[in-house]
Amino acid sequence: MEGQGFHLFQEEPYKMGFSSFLSLSALTLEANRPSQICKSACGHRDCIQSQDSQEGKKMAYQKVHADQRASGHSQYLDNDDLQATALDLEWDMEKELEEPGFDQFHLEGAENQNLGHSETEDLNLDSIQPATSPKGRFQRLQEESDYITSYTRSAPKSNRCNFCRLLKILCTATILFIFGVLIGYYTHKNCPSNATSSGTDDPLLYQEILKAVQAENIKKMFRNLVQLYKSEDDTQISKNLKTQWTSLGLEDIQLVNYSVLLNLPGPSPSTVTLRSSGQCFHPNGQPCGEDARKDSSQDPLYSYAAYSAKGTLEAEVIDVSYGTADDLKRIKKMKNTTSQIALLKLGKLPLLYKLSLLEKAGFGGVLLYIDPCDLPKTENLSYETFMVSLNPGGDPSTPGYPSVGGSFRQNRSNLTSLLVQPVSASLIAKLISSPEQRTQNDVCRPLKLPSDDRYVIVGSHHHTTYSYNGQEWASSTAIITAFIQALMLRVKKGWRPDRTIVFCSWGGTAFGNIGSYEWGEDFKKVLQRNVVAYVSLHNPMRGNSSLHPVASPSLQQLVAEKKNLNCTRRAQCPETNVSSVQIQGDADYFINHLGVPTLQFVYEDIKALEGPSFLSEALFPKHATKIEEMDPFFNLHETITKLSGEVILQIANQPVLPFNALDIALEVQNSLKGDNQLNTHQLLAMASHLRESLELFQSDEMRPANDPKERDPIRVRMLNDVLQDMEENFLVRQAPPGFYRNILYHLDEKTSQFSIILEAWEHCKSLPSNETLQEALSEVLNSINSAQVYFRAGLDVFESVLVGKN
């Protein structure tokens, strides 16, 4: 409404203060280590010792003189073989005694012979009574009471003894063999058989794990979280989450506290006054003198822009529509924009970028709203207010480094010179139009990570005390907790993934993804070295009509496979492609500062997908009743959990990371074919070289690595290192505010060109020189060239390793 004067007042000053933000993260499922080594108790059969318990009968014979029958010392034999020899000796001697001249025969050495048995040393022969032999020439020395006094000699004794010895040996060996087999069998049976090797990809295993994910269970968690939110602050919620996750079996759960600078609302709400009539309104459209509306779910205090400038501004309001470069170019030709108030629609472009254009144009304030035509007409949000954050990420007082004790803190209470005020649809209806909107929110906690492993990070968010009263965070937290529960059931049976899965529940998301930024800055070096992927569970229930996956180009093929598999099981699966577009939430740090491949599954309303993008930057409260209306049986929650869970398991467990490098080259080529007005011949030539290198990389390295018969562990590790870091090449040094530094992501589904080139092209139309455009083209060219050099170097390393082996 050009020409209309407004008095925009915001409480001076807003409450600024350092607040402790708790971020919760859990490190679990360390890379596969044998949790138990089971070894047979009898790995070799000679570890079983058997001993015959029945000793042979002991007997000894002593040849004595005919008149020596009273006493004397004698040796005895306690061995079966020697016993047999003694018996033979008895009969032979008796035969000899029958012959003449042998009456005084005496066995030589009988008194001195020692057979080496200890029993002979202890035997007291004084008590042994001699018995006369049949011929009267021998004494039989009795030792055992059960000694058999007679026997029959039916065969030659030496043959009989040999046969007995062989029979005993054979029986003993047989018994030992059977006994050893039984010992080994029962020992092996008692060893845990569930310590599954995780060296190969096992889709059946993933399905078995995900069977434990049930919609009813998620529903129960969701409602418990909502009840907890009503009675506890964010600190207690984080502690309760820690307790719950610990009970499920996660390891090393830590609560980390950061003291950060928050921009909170003042003691009274902001006001907007029409200069011509003097009418005063609160941001929700309610007149200043009236009591708060009963049908409004949000406190008017929380309709504000965090980190905005503060004060009072009286100026003309100028409708700038969506605030694009074309909009501002048109307006500047007609009006003086210096220190004026811009009436700005949310959407189409990032808010921070549009505010930067307004600052350059000289505006002093902004009334921010949503056009009701941009939203599905599913609910009446005419009197709902919202908040936005102007913080690009992290604690504003510690940019680039974590807010830990002793950190230097900069004085950055205002992150823009503009006085920005979000207003409701009902207020805009009194001025120009009418809006509607939806919401988002979070909170978080960090965890100290080890540095010798590879990580798959899974992120959700939870409620923070100082943000709006939405409850969609409970969907996010219920989903991640349900997956943890299902996973730990398998882990307790001995299974472990090859790569560590780190679960994080972020805090401070509504204020600019503060939790994830601070944690990322705190562990940046570790994360750069070890993170292979980020799976976002941020605000997964935005509608119920369409499954809308978003993924990095390298992960699009994997995500598409899971989406198509889900479509064969369910009816609700309209045609939507997997795209690489900017997404809201805590994935921001991992995409734009680490270059980590990222993905997320969300349910959307089809009409919302057809409307302008970036409307989700406005945070409207979405209550539990609304979420349960969208998914009354929580089947959609279950689907998101299972789809995300299966992708997590594949990335964490496949020997070769399931990334498609060639898709990156194809995405680059497609992003350069949009506008013939731009001279992109050099870029297209460089992109063609990149594609050739990646085709060679795909065929020579990735194909053999994915074949178990050709797989070389050393080359697999080298290949994974290349795949892990490939997206870092597409991080430009600087991007327009609100634009991703990772140029592989587009602004929305409707544009396929590189976003920074499109912005520069629009920008240069209003300038006499094309310096900005040339800078953008140079950034893209450098990124493509960097990726080309990176993959060529990787191929050279593989070649040198192969030559060295040969």
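User: Why is E251 called partly exposed?
Analyst: In this predicted model, E251 has 25% relative accessibility. Buried means under 20% and exposed over 50%, with partly exposed in between, so E251 counts as partly exposed.

User: What makes E251 and R496 a salt bridge?
Analyst: The closest N and O atoms of E251 and R496 are 2.9 Å apart. The cut-off is a Lys or Arg side-chain nitrogen within 4 Å of an Asp or Glu carboxyl oxygen, so the pair qualifies. The pair links distant parts of the chain, 245 residues apart: E251 is in the loop between α6 (234–248) and β5 (253–264), and R496 in the loop between α10 (473–491) and β16 (500–507).

User: Is R496 buried or exposed, and how do you know?
Analyst: R496 has a relative accessible area of 18%. Buried means under 20%, so R496 is buried.

User: How many salt bridges does this rule give?
Analyst: The count comes to 14 salt bridges. R454, R717 and D721 are linked in a network of salt bridges.

User: What makes R330 and D327 a salt bridge, and where do they lie?
Analyst: Their closest N and O atoms are 3.6 Å apart, and the limit is within 4 Å, so the contact counts as a salt bridge. Both residues lie in helix α7 (residues 325–334), three residues apart, about one turn of the helix. An α-helix has 3.6 residues a turn, so residues three or four places apart point the same way.

User: Why do R330 and D327 get separate labels for accessibility?
Analyst: R330 has 40% relative accessibility and therefore counts as partly exposed. D327 has a relative accessible area of 14%, so D327 is buried.

User: How do you know that the buried residues of α7 line one face?
Analyst: In α7, A325, D327, L328 and I331 are buried. Seen down the helix axis, the buried residues fall within an arc of 155°, so they line one face of α7. On the other side of α7, K333 and M334 are exposed.

User: What do the buried residues of α7 pack against?
Analyst: They pack against β9 (312–319), α8 (351–361) and α21 (755–764).

User: What makes K345 and D371 a salt bridge, and which parts does the pair tie together?
Analyst: Their side chains meet at 2.7 Å, N to O, and the limit is within 4 Å, so the pair is a salt bridge. K345 lies in strand β10 (residues 341–345) and D371 in the loop between β11 (365–369) and β12 (388–389), so the pair ties together parts that are 26 residues apart in sequence.

User: Why are K345 and D371 called buried?
Analyst: K345 has a relative accessible area of 14% and D371 one of 7%. Buried means under 20%, so K345 and D371 are buried.

User: What makes β10 mostly covered?
Analyst: Five of the five residues of β10 are buried. I341, L343 and K345 point one way from the strand, A342 and L344 the other way.

User: Which strands pair with β10, and over how many bridges?
Analyst: β9 and β10 pair in the parallel sense over three bridges, with D319 opposite L343. Five bridges join β10 to β11, which run parallel, and L344 has L368 as its bridge partner in β11.

User: Why is V181 called partly exposed, and which patch includes V181?
Analyst: V181, in helix α3 (residues 157–190), has 41% relative accessibility, so V181 counts as partly exposed. F177, I178, V181, L182, Y185 and Y186 form a nonpolar surface patch, with about 600 Å² of accessible area together.

How values were computed
Residues numbered from 1 in each chain as written. Predicted model: local features only at pLDDT ≥ 70, side-chain atom pairs only at ≥ 80, totals over all residues. Heavy atoms only, no water. Patch = residues over 30% accessible without salt bridge, like charges linked within 9 Å, V, L, I, M, F, W, Y side chains within 5 Å. Areas by Shrake-Rupley, 256 points an atom, 1.4 Å probe, with all protein chains shown as cover. Helix = DSSP H or I, 4+ residues; strand = E, 2+ residues; numbered from the N terminus. Buried < 20%, exposed > 50% of the residue type's maximum accessible area, 1.4 Å probe, protein only. Arc of directions from axis to C-beta. Contact = heavy atoms within 4.5 Å. Pairing = 2+ DSSP bridges.
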